[in-house]
Each structure stands twice: as structure tokens, then as C-alpha cells.
Amino acid sequence: MAAEYERYAEELRQGAAALSVELSHTQQEQLLAYLALLNKWNKAYNLTAVRDPAEMVSRHLLDSLSVAPHVQPGGSSWLDVGSGGGMPGIPLAILFPERRFTLLDSNGKKTRFLIQVKLELKLANVEVVHSRVEQFRPAEPFAGITSRAFSSLEDFANWTRHLGDLDTRWLAMKGVQPDDELQALPLDFKVERCLVLKVPGCQGQRHLLILRRTS
């Protein structure tokens with residue numbers, strides 16, 4: 001078990017360095033503790049189709065951390081929509097303890113898991129919300145809204161429009177560049193940037209689309 005932990009730790013260290021993401025020793029331990037919880041709860045709660053913890057390092061931890069540069073310049077309040085098993089919200093909350101992250105999901109099993117992660121990792125900057133996104137009414141707009149394989153861009157924009165304003169950035173994590181989805185983007189949204197993400201250890205394409213409201 002110790003050998004496996006060190007193997008995952010080394011993969012995480014090397015991957016984070018390749019992404020130019022600096023992790024403290026505490027953050028590394030928190031990320032690996034999250035990985036262990038994800039692996040443990042996945043057996044009963046079906047949080048992810050990935051079953052191999054070694055594969056989870058690249059496909060979940062490093063994939064989530066790959067968008068960190070685009071969270072860095074943002075405001076203090078972020079929403080992770082359809083958070084599921086907590087990607088990218090939990091790794092980003094660990095990386096940016098000074099920011100507040102709201103993790104929203106309509107699946108009760110998944111929000112119970114997220115609450116357990118919050119408690120065990122002592123993530124004071126995380127709030128877990130069990131709700132459909134259309135029914136969620138926060139007190140103020142978020143500085144940034146993330147999604148990872150949550151829905152089409154059209155649905156992502158339409159369902160979360162009320163959660164942001166003209167200063168909000170929407171970060172949609174995708175596999176291949178979704179050209180068809182871009183054609184259906186609502187008229188009051190624009191694509192500010194479309195970026196290719198290089199995720200260490202990940203096979204296949206990864207893209208990040210940064211959206212803004214225009215009106």
C-alpha cells in the first residue's frame with residue numbers, strides 16, 4: 001500500500017510540475033486523500049467510470065488542475081456545476097484555499113460523498129449544494145462557473161445564466177473541440193477563448209472553452 005501511495009504521489013508531483021502548478025506538501029496529501037476517498041466510495045456510489053486509482057491521478061486530479069491558470073486571475077467565489085465526484089471543484093478548492101467553491105449536484109449520493117470529502121479533508125472553503133442548477137438561487141453572482149462533461153454548451157449557458165453576470169467567466173471542460181455545440185451557443189454568450197489542455201498521462205484530446213455573457 002505504501003509503495004502504491006508513493007507511486008501515485010510521484011505521478012502527481014511530476015504531473016503538477018509539468019502543468020506549472022505548485023503544490024505544498026499539505027496540498028499533495030489532501031489530493032491523495034481525496035483520491036483514496038474517491039476510490040473507496042466509487043465502489044458503492046458509482047462516482048466515476050474510472051476504476052484504477054493510478055488512472056484517476058491523471059484523468060481526475062491532473063485534469064482538474066490543468067484549468068488552474070484560468071481560475072487564478074478570477075474573483076473569490078466559484079461554482080462547480082454538476083460536480084459529481086468533485087471534479088474539478090475539489091482539486092481547485094485544495095489548490096486555492098483563499099477562494100470559496102460551491103459544489104452543486106442534483107444527485108443525493110454524490111452530494112453525500114462531497115460532504116464527506118469536505119469534512120475529512122477539512123475544506124472550510126467548500127460548500128456542497130444538493131439542487132438542480134435551474135432551481136439554485138445564490139445571494140450574488142459567481143466570479144466563475146466550471147463544468148466538466150456536464151452538458152452541452154447550450155444547456156450549460158442556459159441553465160447557469162442566472163448564476164453569473166457580465167464579469168463572470170464560464171469554464172467548460174471538454175474532450176474534442178465541440179464545434180456543433182459552439183454553433184448552438186445562445187446569442188447572449190460568446191467564446192472568449194478556446195484552449196487545448198495538455199494533461200500529463202491523459203490520452204485523447206482535452207479542451208477548455210472560456211465563455212462570457214455579452215448582455
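Two strands pair if DSSP finds at least two bridges between them, and in this predicted model 7 bridges join β6 to β7, two strands that run antiparallel. The chain holds 8 helices and 7 strands. Its radius of gyration is 16 Å, close to the 17 Å that the globule rule gives for 215 residues, so the chain is as compact as a globular protein of that length. Taken along the principal axes, the C-alpha atoms fill a box of roughly 55 × 30 × 30 Å.

**The chain as a whole**

- Of the 215 residues in the chain, 53% count as buried.
- When contacts between residues at least 6 apart in sequence are considered, 68% of them join residues that are at least 24 apart.

**The sheet**

- The 7 strands of an open sheet follow the order β3-β2-β1-β4-β5-β7-β6, and their pairing is mixed.
- The edges are taken by β3 (126–130) and β6 (189–196), each of which has a single partner strand, so one side of each is left without a neighbour in the sheet.
- Neighbouring strands of this sheet are turned by 20° against each other on average, when direction is ignored.
- Strands of a sheet pair through backbone hydrogen bonds, in either a parallel or an antiparallel sense.
- The parallel sense is found between β2 (residues 100–105) and β3, which pair over 5 bridges, and here Phe-101 stands opposite Val-126 in β3.
- The antiparallel sense is found between β5 and β7, which pair over 5 bridges, with Lys-174 standing opposite His-207 in β7.
- Where β6 runs antiparallel to β7, Lys-190 stands opposite Arg-212 in β7.

**Strand β7**

- Strand β7 is mostly covered, since 7 of its 7 residues are buried.
- In a regular strand the side chains alternate between the two faces of the sheet.
- In β7, His-207, Leu-209, Leu-211 and Arg-213 point one way, while Leu-208, Ile-210 and Arg-212 point the other way, and all are buried.

- Helix α7 (residues 153–160) lies across β1 (77–81), β4 (144–148), β5 (169–174), β6 and β7 (207–213), and it runs at about 150° to β5.

**Helix α2**

- Helix α2 (residues 25–45) has 21 residues and reaches 29 Å from its first C-alpha to its last, which is close to the 30 Å expected at 1.5 Å a residue.
- The buried residues of α2 include Leu-31, Leu-32, Tyr-34, Leu-35 and Trp-41, and among them are also Gln-27, Gln-28, Gln-30 and Asn-42.
- The cover over the buried residues of α2 includes α1 (2–18), α3 (53–65), α5 (89–95) and α6 (108–121).
- Just after α2, Asn-46 takes a positive phi of about 50°.

**Cysteines**

- A disulfide is counted where two cysteine sulfur atoms lie within 2.5 Å, and by this rule the count comes to 0 disulfides.
- Cys-194 is in no disulfide, and the nearest cysteine sulfur, that of Cys-202, is 17 Å away, which is too far for a bond.
- Cys-194 counts as partly exposed because its relative accessibility is 34%, whereas Cys-202 is buried, with a relative accessible area of 18%.

Terms used: Residues are numbered from 1 along each chain as its sequence is written. This is a predicted model: local features need pLDDT of at least 70, side-chain atom pairs count only at pLDDT 80 or more; totals for chains, interfaces and linings use all residues. Side-chain values use heavy atoms; hydrogens and water are left out. Buried means under 20% relative accessible area, exposed over 50%, partly exposed in between (1.4 Å probe, protein chains only). Helices (H or I, at least four residues) and strands (E, at least two) are DSSP runs, numbered from the N terminus. The expected span of a helix is 1.5 Å times one less than its number of residues. Contact means heavy atoms within 4.5 Å. Axes are lines fitted to C-alpha atoms, for helices over the stretch in contact, and angles run from 0 to 180 degrees between N-to-C directions. The radius of gyration is taken over C-alpha atoms; the globule rule is 2.2 Å times the number of residues to the power 0.38.
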